Amino acid sequence: MKIQYLGHACVLIEFGSHKLLFDPFISVNELAKHIEIDKIETDFILLSHGHQDHILDVERIAGNTGAAIISNFEIVSYFQKKGLNGHPMNHGGVWEFEFGKVKMVNAIHSSSFPDGSYAGNPSGFVIWNDEQCFYFAGDTALTWDMKLIPLLCPKLDCCILPMGDNFTMGIEEASIASDFVECSTVIACHFDTFGYIILDKEEAQKVFEQKNITLLIPSIGETLIV
Ligand code: NI
Ligand code: MN
C-alpha cells in the first residue's frame with residue numbers, strides 16, 4: 001500500500017484499487033500549507049472521532065470528490081444531514097467494502113463535534129484485503145484492548161499510531177502499543193501540529209530501535225510504501 005502523510009493525523013492510503021483518506025485537517029494546518037487540498041482524490045473518508053483536528057476538511061474534500069464517509073453512527077448521521085453519503089459502524093463491527101474489510105476498534109479518548117454536541121465514541125480502524133492489513137489507531141491512549149487486534153484480524157503490515165503525547169499516547173506508550181498489536185512497522189502521526197504535541201524524534205527512534213521496531217516519522221507530503 002501507498003501511504004501519503006498529509007499532516008497531523010491525516011493520511012491518504014492507496015489500498016488495492018481504492019483511495020482512503022483518514023481524519024482530514026489540512027486547510028488551517030500551518031505545517032501543511034504546501035498540500036493542495038483541492039487536488040486530493042479519494043473514494044472514502046474515514047473518521048476516528050468528531051474533534052475539529054480530525055474532521056475540519058471533510059465537507060470540502062467530500063464535496064470535491066464525492067467520497068463516502070466511514071465512521072461511527074453519530075458522525076455519519078451528522079454528515080448525512082449536510083447532504084454527504086456515509087456508512088455508519090460501531091465498535092466490534094466488521095463490514096466488507098469494495099476495497100476490503102473494515103473493523104472498528106476501541107480508542108481511549110473523547111469525541112464531540114466542534115459545537116460541543118455528542119459525536120459518539122472515538123475509534124480506530126483495522127483494514128485488510130487478501131494481501132495486506134493495517135491499523136489506524138485514531139487518537140488514543142494505550143489500551144489493553146489493543147491485544148484483541150491480533151486475535152481478531154490478519155497479521156498487520158503496519159500501524160499508524162499517535163505519538164505526540166498530551167492528548168494521546170506518547171513515545172513509550174506507542175512502543176508498547178506496537179507490541180500489543182504485534183506489528184513491527186510503525187508510522188507516527190499526531191505530532192508537532194500544536195505546541196502541546198512536539199515529538200522528540202531522536203528519542204522516539206531510540207525507543208523503537210531498542211525494540212527492533214521500524215519507526216517511520218514522515219514529513220508532510222511524503223509518501224511511504226509498505
Ligand atoms: Ni481528539
Ligand atoms: Mn486529535
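User: How were the residues and ligands numbered, and which residues and atoms count?

Analyst: Residues are numbered from 1 along each chain as its sequence is written, while chains are lettered from A and ligands numbered from 1 in the order in which they are written. In this predicted model local features need pLDDT of at least 70, side-chain atom pairs count only at pLDDT 80 or more, totals for chains, interfaces and linings use all residues, and side-chain values use heavy atoms, with hydrogens and water left out.

User: Which residues coordinate the manganese ion (ligand 2), and which residue bridges the manganese ion and the nickel ion (ligand 1)?

Analyst: Asp53 (OD), His54 (NE2), Asp139 (OD) and His190 (NE2) coordinate the manganese ion (ligand 2) at 2.1 to 2.3 Å. Asp139 bridges this ion and the nickel ion (ligand 1), the two lying 3.1 Å apart. Asp53 belongs to helix 1 (residues 52-55), and Asp139 to the loop between strand 10 (133-136) and helix 4 (148-152), 86 residues apart. Helices (H or I, at least four residues) and strands (E, at least two) are DSSP runs, numbered from the N terminus.

User: How do you know whether Phe15, Phe134 and Leu152 are buried or exposed?

Analyst: Buried means under 20% relative accessible area, exposed over 50%, partly exposed in between (1.4 Å probe, protein chains only). Phe15 has a value of 1% and is therefore buried. Phe134, at 0%, is likewise buried. Leu152, at 53%, is exposed, and its place is in helix 4.

User: Why is the aromatic pair of Phe15 and Phe134 called edge-to-face?

Analyst: Rings of Phe, Tyr and Trp (its six-membered ring) pair if their centres lie within 6.5 Å; planes under 30 degrees apart count as stacked, over 60 as edge-to-face and the rest as tilted. The whole structure holds 13 aromatic pairs. For Phe15 and Phe134 the centres are 5.4 Å apart and the planes 75° apart, which gives an edge-to-face pair. Phe15 lies in strand 2 (residues 11-15) and Phe134 in strand 10, so the pair ties together parts 119 residues apart in sequence.

User: What makes the contact of Asp38 and Arg60 a salt bridge?

Analyst: A salt bridge is a side-chain nitrogen of Lys or Arg within 4 Å of a carboxyl oxygen of Asp or Glu. The N to O distance for Asp38 and Arg60 is 2.9 Å, and their side chains meet in a salt bridge. Asp38 is partly exposed at 46% relative accessibility, and Arg60 is partly exposed at 38%. By this rule the count comes to nine salt bridges.

Definitions and conventions
Donors = N, O, S within 2.8 Å, 3.2 Å for Na, K, Ca; no water.
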